[in-house]
Amino acid sequence: MVAVTPTLPLLTPYKMGKFNLSHRIVLAPLTRQRSYDNVPQPHAVLYYSQRATKGALLISEATGVSDTAQGFLHAPSIWTREQVEAWKPIVDAVHAKGGIFFCQIWHAGRVSNSGFQPDGQAPVSSTDKPISSQVEGMEFTPPRRLRTDEIPQIVNDFRIAARNAIEAGFDGVEIHGAHGFLIDQFMKDQVNNRTDQYGGSLENRCRFPLEIVEAIANEIGSDKLGIRLSPHVNYMESGDSDPEALGLYMVKSLNKYGIAYCHMVEPRMKIGAGNPKFSESLLPMRKAFNSTFIVAGGYDREDGNKAVEENRGDLVAYGRLFLANPDLPRRFELHAPLNKYNRETFYTHDPVVGYTDYPFLEDTA
């Protein structure tokens, strides 16, 4: 009698709304800084298609929604015709492999400097409080607080970017509401010191992200929309005094829109290093959310399998491991050794080194 090898939880199929996924390993959104002058480049065709498999979900790197959205050199955007056209062959390559591709759209807010801004102006934010120190060697210009009457324009920028993403062929969009960027700057009480309808109470601080959700859901359909949140993570000096209350308020509010998924970052997540001790503090949010729940933040093969097996997440997003192992699902299946990632080449601008030159399993045999 032939022994049947049990299927790893991570490698079981899953239906995410109208999308049939063949496994639960998601390519996390990863800023790679290879989109020269904010235009996606042909070398991204190879990078994304290397990591695509039939029925796999991939999320693009953070992609700017307007000329004020940039915070990093050579990060892609999707607000001009040239940018939309440049994304098309990249999306086509992922689809040719049978992958499902969502575009993460973002606005950096105060995580920027005047060098990235039109006419050298100050970055915009929920606040005029600057980021007090250098983070990872970056210099930040003190921001300008958005006027109440300017906020609808930013919401509209997200709406148009979402429409552009669908035109470029993406299957959906993910709103980047995490890691201290503009949306997080509105949600977190450590940053948001407004006194208008976008500040103060939890409801007011969450008004801006939920207006964006509503605008995009109306534009492209809620079944093509996800959002990434990091209520517990204090990155770029964006912390909150009650992260669990914030996370719960957001997922309960999101339920009203019937979006495709919520992508939540573990509290253990640290930029640069994962804490091996597992935290279950996303559980209240997971239980309160009615749709697909993606977990992220320092997962390995064992952690990911446990998260799915114990129903703490439907899907698991992998960043650094997927960056260094383009065939990560295959390696997990075979329990094969993993390539080590090289942190020094994460954000360099080389079109090959540290980008498309990580070997596949068969190349190392």
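**Close-up 1. Methionine 236, a buried loop residue.** At 3% relative accessibility, methionine 236 of this predicted model counts as buried, because the cut-off for that label is under 20% relative accessible area. You will find methionine 236 in the loop that joins strand E10 (225-229) to helix H7 (243-255). Take a look at the backbone here too: phi of methionine 236 is positive, about 55°, although the residue is not a glycine.

**Close-up 2. Glutamine 33, a loop residue with positive phi.** Glutamine 33 sits between strand E3 (25-27) and helix H1 (43-50), in the loop. Its phi is near 55°, a positive value in a residue other than glycine. Is glutamine 33 buried or exposed? With a relative accessible area of 9%, glutamine 33 is buried.

**Close-up 3. The largest nonpolar core.** Here we turn to the 81 residues that make up the largest nonpolar core. Tyr48, Ile78, Ile105, Phe208, Ile216 and Tyr318 have the most contacts inside it. Which helix gives the most to this core? That is helix H6 (residues 207-220), with eight residues. Apart from this core lies another one, of 16 residues, and Phe19, Val26, Phe102 and Leu315 are among them.

Note on methods
Residues are numbered from 1 along each chain as its sequence is written. This is a predicted model: local features need pLDDT of at least 70, side-chain atom pairs count only at pLDDT 80 or more; totals for chains, interfaces and linings use all residues. Side-chain values use heavy atoms; hydrogens and water are left out. Helices (H or I, at least four residues) and strands (E, at least two) are DSSP runs, numbered from the N terminus. Buried means under 20% relative accessible area, exposed over 50%, partly exposed in between (1.4 Å probe, protein chains only). A nonpolar core is a set of buried Ala, Val, Leu, Ile, Met, Phe, Trp, Tyr and Cys residues joined through side-chain atoms within 4.5 Å.
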